[in-house]
Amino acid sequence: MINDRLNLYELTFDELRQFLVDLGQPKFRAKQLWEWLYIKFAGSFQEMSDLPASLREQLEQRASLGLLDLEITQLSNDNHTKKILAKLPDGQFIETVLMLYDKRRTLCISSQAGCAMGCVFCATGQMGFFRNLTAGEIITQVIHFARELAAKGERVTNIVLMGMGEPLHNYSHTLAAVDRLTDPSGFNLGARKITISTVGLVPAIRRYADEQRQTPLAISLHAATDFERDKLIPVNRKWPISELMEACRYYIEKTGRRITFEWALIDGENDTLIQARALGELVRGMICHVNLIPLNPTNGYLKSPSSKQRVEDFQAELSKYRVSSTVRLRRGIDIQAGCGQLRDRAVNRS
Ligand code: SF4
């Protein structure tokens, strides 16, 4: 039944107002309903106490709040990472992760069911592409955790689009979701708190730069030579490193914003001093930062994360090029927090 109802998180404010007008309601109801959706995170229409009972009844019949149908919920041993696997009405699965870092409440959300990019070290890449998520499906992942955090007097402070999917391969829905989540009259998360992560879709990066987006951009680079990157990230054969770096420079020039390069450190693969030097040469002088993240192991890719010593050596070599970098903690290894891993488990189990 829920399939036939309209998920209200699919609508912009103007569309929501029109929806209410079509139900015979005055326009001012839109603001009330918007606040229930994006500020109070109502879990049911019956909670919406300032709406007339007759309207709540109409909404019950025709609309939904996109509540996630949870298949699996997992909490890491240290209680700092929570991961959910939700089943969408058409049977697709998506994963969302909440990570607690001091005062930050960071969500890693999905933009697609599966992914077409096929990065070899990634469980989502290994499963292939199923479909794009709608803007509402992207937003409801955030609202799910916002509701949960609000019950403890907390709120979502950061979002990273690093879950299942390549966000710039689903450009319009992803950016529509971002626009709604940053709307000051609603969820009101600062644009700088939402990071869009891409594997390097050059035309989409240029479009993103042209639109002067304020949301930070992260590039999953993982290798600094085409020979190495081709092996890890098939899309590199379409847009090789030289074109990708040109697009990154274009983005920096257009927006004046720093770019982040993500680098999953894989033992004996891309954690050599040769790669560190190649990376240093590649990004030297750019307004950028490098995040070094020891690989999150997956079943379909048997390589290991780099040892602590190799991570330190890599970082030390990179610093010779005056490139700033941070070694990031891997979170939720015990709950398969790398994207796609939980879905794998659910599908293989059934
Ligand atoms: S790393 Fe990202 S872009 Fe690559 S396959 Fe996985 S989800 Fe897709």
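These are my notebook entries on what I looked up in this structure, which is a predicted model.

**Entry 1: the domains**

I began with the domain assignment, which divides the protein chain into domain 1, covering 2-64, and domain 2, covering 69-349. I then looked up how far apart they are, and the C-alpha centres of domain 1 and domain 2 lie 33 Å apart. The contact draws on eleven residues from domain 1 and 14 residues from domain 2. On the side of domain 1 that touches domain 2, I noted six nonpolar residues, four polar and one charged.

**Entry 2: arginine 5**

Next I turned to arginine 5, which sits in the segment before strand S1 (6-7). Is arginine 5 buried, exposed or partly exposed? I found 16 other C-beta atoms within 10 Å of arginine 5, and it is therefore partly exposed, since the buried class asks for 20 or more and the exposed class for 12 or fewer. I also noted that arginine 5 and arginine 62 are 57 residues apart in sequence, yet their C-alpha atoms are 5.0 Å apart in space. Leaving out residues up to four places away in sequence, arginine 5 touches Arg62, Ala63 and Ser64.

**Entry 3: the open sheet**

I followed the strands of a sheet and wrote down their order as S3-S4-S5-S6-S9-S10-S11-S12-S13-S14, which makes ten strands in an open sheet with mixed pairing. Which strands stand at the edges? They are S3 and S14, and each has a single partner strand, so one side of each is left without a neighbour in the sheet. On average, neighbouring strands of this sheet are turned by 20° against each other, direction ignored.

Strand S3 (residues 69-75) and strand S4 (residues 81-87) are antiparallel and share six bridges, and one of the pairs I looked up joins leucine 75 to lysine 82 in S4. S3 and S4 form a hairpin with five residues between them, and in its turn asparagine 79 has a positive phi of about 65°.

Aspartate 102, although it is not a glycine, has a positive phi of about 45°, and I located aspartate 102 in the loop between strand S5 (93-101) and strand S6 (104-108). Because aspartate 102 has 5 C-beta neighbours inside 10 Å, it counts as exposed.

Arginine 322 also has a positive phi, near 60°, and its place is in the loop between helix H11 (308-319) and strand S14 (325-327). Arginine 322 has 9 C-beta neighbours inside 10 Å and so counts as exposed.

**Entry 4: helices H7 and H9**

Last, I asked how helix H7 (residues 202-210) and helix H9 (residues 241-255) lie against each other. Their axes come within 9 Å and cross at roughly 5°, and H7 and H9 are therefore roughly parallel to each other. From H7 the contact takes Val202, Ile205, Arg206, Tyr208, Ala209 and Asp210, while from H9 it takes Glu243, Leu244, Ala247, Tyr250, Tyr251, Lys254 and Thr255. I noted that the residues of this contact of H7 with H9 divide into eight nonpolar, one polar and four charged.

Definitions and conventions. Residues are numbered from 1 along each chain as its sequence is written. This is a predicted model: local features need pLDDT of at least 70, side-chain atom pairs count only at pLDDT 80 or more; totals for chains, interfaces and linings use all residues. Domain bounds come from an automatic or database domain assignment. Two residues are in contact if their C-beta atoms, placed from the backbone, lie within 7 Å. Ala, Val, Leu, Ile, Met, Phe, Trp, Tyr, Cys and Pro count as nonpolar, Asp, Glu, Lys and Arg as charged, and the others, Gly among them, as polar. Axes are lines fitted to C-alpha atoms, for helices over the stretch in contact, and angles run from 0 to 180 degrees between N-to-C directions. Helices (H or I, at least four residues) and strands (E, at least two) are DSSP runs, numbered from the N terminus. Angles under 35 degrees count as roughly parallel, over 145 as roughly antiparallel, 65 to 115 as roughly perpendicular and the rest as oblique. Two strands pair if DSSP finds at least two bridges between them.
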